[in-house]
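Visitor: I'd like to learn how to read a model like this one, feature by feature. Could you walk me through it?

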Amino acid sequence: MTNRAVAGLNDMNNSYPLPKIVDRTAWQEELDRLLEREKAHTREGDRIAAARRALPMVEVDAAAPLVGAHGKVRLVDAFEGRRQLLVYFHMWHDGKPAEDQCEGCTFFTGHALELSYLHSRDVTYATFCEGRYEESARYRDFMGWTMPWYSARDAREQLLQGDGFGGYASYLRDGDRVFQTYWSTGRGTEAGGNSYHLLDLTIYGRQETWEESPQGWPQPYATRGEQFRTDGRPTAQWSRLAAGRSDDLVG
């Protein structure tokens, strides 16, 4: 992150308003009232997840072509022998430099770091990128991501059926047959962005313009990509550049 960007953040921090100050008893009473709503929200989420698990499924082409680290493979190979496959479809802008790649997909993909818990539930996680493998894999390496990475540009019609990149899909394997069980895009992708969920626990929240917040609360971030960028780049890229990594996608 540049010095100018850091200075801008510090200026905002100095002008933040403060919440009302009360004693601990009054604070606990308000917290308890909120907890009842949080519990209701959690229970409704559990019911939605149960309905998701009860969905029917649709068969997809198990031989849909992908390109990975070892060349051309089939969709069924991406399961890596497990029964389930969870995929994030990563947008790509052909020929564009790293700073012009999708900031939202960078945000969500960057949260998929610890995969052992998914593996223990017989789930493989993978990224299916819209771009060519050679170019997009350099971006993965620049970002330091380690999840399985494939180019799915030649499988777009088989897998997306008119939908676009920028969402999650769940698949189930039955022998050599593959079935799609779920698809989510838009705000549904927030399931993978735990930074958002953690920000929701803070007093100022996500600081985005759409949020309902008290008067004067900081909301400097619009929601057309700006919320995922700092000083002209996807925010997470700055630490990689500071570490001396090359963002050259041409090679």
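Guide: We will go from the overall layout to cysteines, a helix, salt bridges and a surface patch.

Visitor: Let's begin with the whole chain. What does the secondary structure come to?

Guide: Please keep in mind that this is a predicted model. The chain has eight helices and ten strands. Along the principal axes, its C-alpha atoms fill a box of roughly 60 × 45 × 30 Å. Of the 251 residues, 37% are buried.

Visitor: Now the cysteines. How many disulfides does the structure hold?

Guide: A disulfide calls for two cysteine sulfur atoms within 2.5 Å. Here the count is zero. Take cysteine 105: the nearest cysteine sulfur belongs to cysteine 102 and is 3.5 Å away, and cysteine 105 is in no disulfide. Cysteine 129 is in no disulfide either; the nearest cysteine sulfur, that of cysteine 105, is 8.1 Å away.

Visitor: Is cysteine 105 buried or exposed? And what about cysteine 129, buried or exposed?

Guide: Buried means under 20% relative accessible area. Cysteine 105 has 1% relative accessibility, so it counts as buried. Cysteine 129, at 0%, counts as buried too.

Visitor: On to salt bridges. How many does the structure hold, and what should I ask about each pair?

Guide: There are 15 salt bridges in the structure. Aspartate 94 and arginine 132 form one, with their closest N and O atoms 3.8 Å apart. Aspartate 94 is in the loop between β4 (84–90) and α3 (103–109), while arginine 132 is in the loop between β5 (123–129) and α5, so the bridge ties together parts 38 residues apart in sequence. Both partners are partly exposed: aspartate 94 has 40% relative accessibility, and arginine 132 has 45%.

Visitor: Which residues does arginine 233 pair with?

Guide: One partner is glutamate 99, at 3.4 Å from N to O. This pair links distant parts of the chain, with arginine 233 in strand β10 (residues 233–234) and glutamate 99 in the loop between β4 and α3, 134 residues apart. Arginine 233 counts as buried at 12% relative accessibility, whereas glutamate 99 is partly exposed at 25%. Aspartate 247 is another partner of arginine 233, with the closest N and O atoms 2.8 Å apart. Aspartate 247 lies in the segment after α8 (237–242) and arginine 233 in β10, so this bridge joins parts 14 residues apart in sequence.

Visitor: Which residues are linked in a network of salt bridges?

Guide: Have a look at Arg187, Glu190, Asp200 and Arg206, which are linked in such a network.

How values were computed
Residues are numbered from 1 along each chain as its sequence is written. This is a predicted model: local features need pLDDT of at least 70, side-chain atom pairs count only at pLDDT 80 or more; totals for chains, interfaces and linings use all residues. Side-chain values use heavy atoms; hydrogens and water are left out. Buried means under 20% relative accessible area, exposed over 50%, partly exposed in between (1.4 Å probe, protein chains only). Helices (H or I, at least four residues) and strands (E, at least two) are DSSP runs, numbered from the N terminus. A salt bridge is a side-chain nitrogen of Lys or Arg within 4 Å of a carboxyl oxygen of Asp or Glu.
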